[in-house]
Amino acid sequence: MTLILAHRGYAAEYPENTLLAFKEAEKAGADGLELDVQMTKDGELVVIHDEKVDRTTDGSGMVKDFNFKDLRQLDARFKFSSLTGKQQIPALEEVLEWLAGTRLKCNIELKNTIMPYEGMEEKVINMVRKYDLTERIIISSFNHYSIVHSYMIAPEIEIAPLLSEGLYMPWVYAQSIRATGFHPHWRAAPDEIIKASIESGIEVRPYTVNKDTELERLYRVNCSAVITDDPAKAFRIRGNIKQA
Ligand code: G3P
Ligand code: CA
């Protein structure tokens, strides 16, 4: 069965990358989450997509220039005026502590292509091990050097390269870096690539799949997982499609 991974949590309806969005994704029927990790000035791993806090919070500036306690003052509920209550930018630790009590999988995307965030891989891995989550975590990144580094430190944790463009035989590339899957942009994941990859033992989890027709296509081809902003819709559509 094609798994549903909620992109930044249930981002279609709730403030992205917040505990609220993660908890609502679970309630909506997601099998797992996708989240983004950056690092503060004092070395705390935090769950936020952009290098800057401006788009998703009421603050401004670079994550790397905030100390954790100051970053926690910001409200990530920001653009969701219909919701009440402050939503803080979560520490990765807070999310993993909650995740440990669920059955969810979690794709941790290391956001270290623009900021190098020295030591990020070691910190993420130590935390994953601390909460005994190694079997439920997939580490991905557009920075493929970083995921190879992660694999060298922690071969027991799955890695998956993010691919924004089509690649020739991406399953061969994935195998060459010891990845067990890859995460292509949905436009870079035609049926033939998905089938050939899965036949070679490599999972394919396209992002960010929000259109009904794309979800249907990926379910029909028995894709390994979809990464979507709308886990409730993805769950409903999956229920209507017969999968092998
Ligand atoms: O992990 C898939 C997807 O999240 C990658 O793109 O920009 O949404 O982090 P982005
Ligand atoms: Ca992401």
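In this predicted model, the loop between strand 6 (158-163) and helix 6 (170-176) holds methionine 169. The phi angle of methionine 169 is near 45 degrees, a positive value in a residue other than glycine. With a relative accessibility of 29%, methionine 169 counts as partly exposed. A positive phi, of about 60 degrees, is also found at asparagine 222, again not a glycine. Asparagine 222 sits in the loop that runs between helix 8 (212-220) and strand 9 (225-228), and its relative accessibility of 27% makes it partly exposed.

Turning to the metal site, the calcium ion (ligand 2) has Glu34 (OE), Asp36 (OD) and Glu109 (OE) as its protein donors, at 2.1 to 2.2 Å. Along the chain, these donors follow the spacing E-x1-D-x72-E. Glutamate 34 belongs to strand 2 (residues 32-39) and glutamate 109 to strand 4 (residues 105-110), so the pair ties together parts that lie 75 residues apart in sequence. Both glutamate 34 and glutamate 109 are buried.

On the helix 3 side, Leu92, Glu93 and Leu96 take part in the contact, meeting Val124, Met127, Val128 and Lys130 of helix 4. Five of the residues in this contact are nonpolar and two are charged, with no polar ones.

Note on methods. Residues numbered from 1 in each chain as written. Chains lettered and ligands numbered in written order. Predicted model: local features only at pLDDT ≥ 70, side-chain atom pairs only at ≥ 80, totals over all residues. Heavy atoms only, no water. Donors = N, O, S within 2.8 Å, 3.2 Å for Na, K, Ca; no water. Helix = DSSP H or I, 4+ residues; strand = E, 2+ residues; numbered from the N terminus. Buried < 20%, exposed > 50% of the residue type's maximum accessible area, 1.4 Å probe, protein only. Contact = heavy atoms within 4.5 Å. Nonpolar A, V, L, I, M, F, W, Y, C, P; charged D, E, K, R; others polar.
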